[in-house]
Amino acid sequence: PTLSPSSMPQSLASTAAAGPTADSSATKAASALLISASDKAGMAGIDRERINSILLRESGNSTFMQRQRKMDENSNRKIEEMKKRLESKDNTATNNDWRREMKQSTIDPLLQNYRSQRQPISTCVVIDMDGFFISCHTMLDPHLANIPACVGGTSMISTSNYVARKYGVRSAMPGYIGSSLVKELSGGKETLTFVKSDFGLYKRKSAEVKAVLDEYDPNLKMYSLDEAYMDIGPYLEVQLFDQKGEVAHEDIRKKLLDKTNSSTESPPSEGKKDQSANQSPQKQIHEIYQLSRIHDAAKTLLHSIREKVKATTGLTCSA
């Protein structure tokens, strides 16, 4: 149910009544606790101020907002305590350069240690499916691509499509708030369509995605239905070590599978251990090729992966 101004604190009630143009300290303080998520794909350029005004009106005195205010107050209190400790140290220190000396004796060695442990290059990639749940439904009902739609109900939204995101509708948002956003920001021209979850469908499409990604990293990990964590380094090594650049994808795939299978076999005998110990360690990819060439090859490979995912499953992803 929508909160009425009488159920809000007085400052928030007056803010909601004033509408999106209100410019009070209460509005700014409350808006700072809201996240309209312009960082989500498809939400660039959203009317953050107006969306925050609607969110504030609909949930200004909710349990979530009360918790957010309490967390914000605790953070401010800790910051003030730290400032006071620093001020006390400045006032009592006999050495005016204590901050610089602490940096040199404590912070700089830590940074140096971390830098020494850092890998020269990382080839790990996160594959994130675009609006996975709602995209699965859109494949079955293409009409959903042209209207504000989401998976979930009035209580909670799990995923929204890009049309709905233009109105600030996002995952982990109560559905009734999403409905208010679409209705008001569209001037009553559009309404938010809710689609019931179908995890059988999601699991089938997720398996299709994994089957494609397995071709590029047989050891990839999927910690959710729509996210994969993979290392494209071994694939790039085979690809780049081929001087002519003519090695086929299927050949690379076979080499990766052979390598994975051999690593899961029984441990080598003592004689083989001694023999491998005397061998020179294999050079890493960054020791052979310039970083710019590796980056270009990785960029091209990721584009190929995304295109194959789309061609095979009908779904899109980012990497």
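The following legends describe close-up views of one predicted protein model.

The model is predicted, so local features need pLDDT of at least 70, side-chain atom pairs count only at pLDDT 80 or more, and totals for chains, interfaces and linings use all residues. Residues are numbered from 1 along each chain as its sequence is written, and side-chain values use heavy atoms, with hydrogens and water left out.

**Figure 1. Overview of the chain.** The chain contains 13 helices and 7 strands. Helices (H or I, at least four residues) and strands (E, at least two) are DSSP runs, numbered from the N terminus. Of the 319 residues, 33% count as buried. Buried means under 20% relative accessible area, exposed means over 50%, and partly exposed lies in between, with a 1.4 Å probe and protein chains only. A contact means heavy atoms within 4.5 Å. Among the contacts in the chain with a separation of 6 or more, 60% come from residues 24 or more positions apart.

**Figure 2. The packing of helices α6 and α9.** Two packed helices are described by the angle between their axes and the distance between the axes. For α6 and α9, the angle is about 95 degrees and the axes are 10 Å apart. Axes are lines fitted to C-alpha atoms, for helices over the stretch in contact, and angles run from 0 to 180 degrees between N-to-C directions. The two helices α6 and α9 are therefore roughly perpendicular to each other. Angles under 35 degrees count as roughly parallel, over 145 as roughly antiparallel, 65 to 115 as roughly perpendicular and the rest as oblique. On the α6 side, the contact is made by Phe 132, Phe 133, Cys 136, His 137, Met 139 and Leu 140. On the α9 side, Phe 199, Leu 201, Tyr 202, Lys 205 and Ser 206 take part.

Figure 3. Rings of Phe, Tyr and Trp (its six-membered ring) pair if their centres lie within 6.5 Å; planes under 30 degrees apart count as stacked, over 60 as edge-to-face and the rest as tilted. Phe 133 and Phe 199 form an edge-to-face pair, 5.6 Å centre to centre with 75 degrees between the planes. Phe 133 lies in helix α6 (residues 132-140) and Phe 199 in helix α9 (residues 199-214), so this pair ties together parts that are 66 residues apart in sequence. Phe 133 counts as buried, at 16% relative accessibility, whereas Phe 199 counts as partly exposed, at 44%. Phe 133 also forms a stacked pair with Tyr 202, at 4.1 Å centre to centre and 10 degrees between the planes. Because Phe 133 lies in α6 and Tyr 202 in α9, that pair ties together parts 69 residues apart in sequence. Tyr 202 is buried, with a relative accessible area of 0%. Phe 132, Phe 133, Phe 199 and Tyr 202 form one aromatic cluster.

**Figure 4. Helices α10 and α11.** Helix α10 (residues 233-241) packs with helix α11 (residues 249-263) at an angle of about 125 degrees, with their axes 10 Å apart. This makes α10 oblique to α11. Pro 234, Tyr 235, Val 238 and Gln 239 of α10 meet His 249, Ile 252, Lys 255 and Leu 256 of α11.

**Figure 5. The surroundings of helix α8.** Gly 175, Ile 177, Gly 178, Ser 180, Leu 181 and Val 182 are buried in α8. The buried residues of α8 pack against α3 (48-59), β3 and β4 (193-195). Gly 187 follows α8, and its phi is positive, near 70 degrees. Ala 172 is found in the loop between α7 (162-165) and α8 (175-185). The phi of Ala 172 is near 65 degrees, a positive value in a residue other than glycine. Ala 172 counts as exposed, at 61% relative accessibility.

**Figure 6. The loop at Gly 153.** Gly 153 is found in the loop between β2 (149-152) and β3 (157-160). Gly 153 is partly exposed, with a relative accessible area of 22%. Not counting residues up to four places away in sequence, Gly 153 touches Gly 175 and Phe 194. Gly 153 and Val 195 are 42 residues apart in sequence, and 7.5 Å apart in space, C-alpha to C-alpha.
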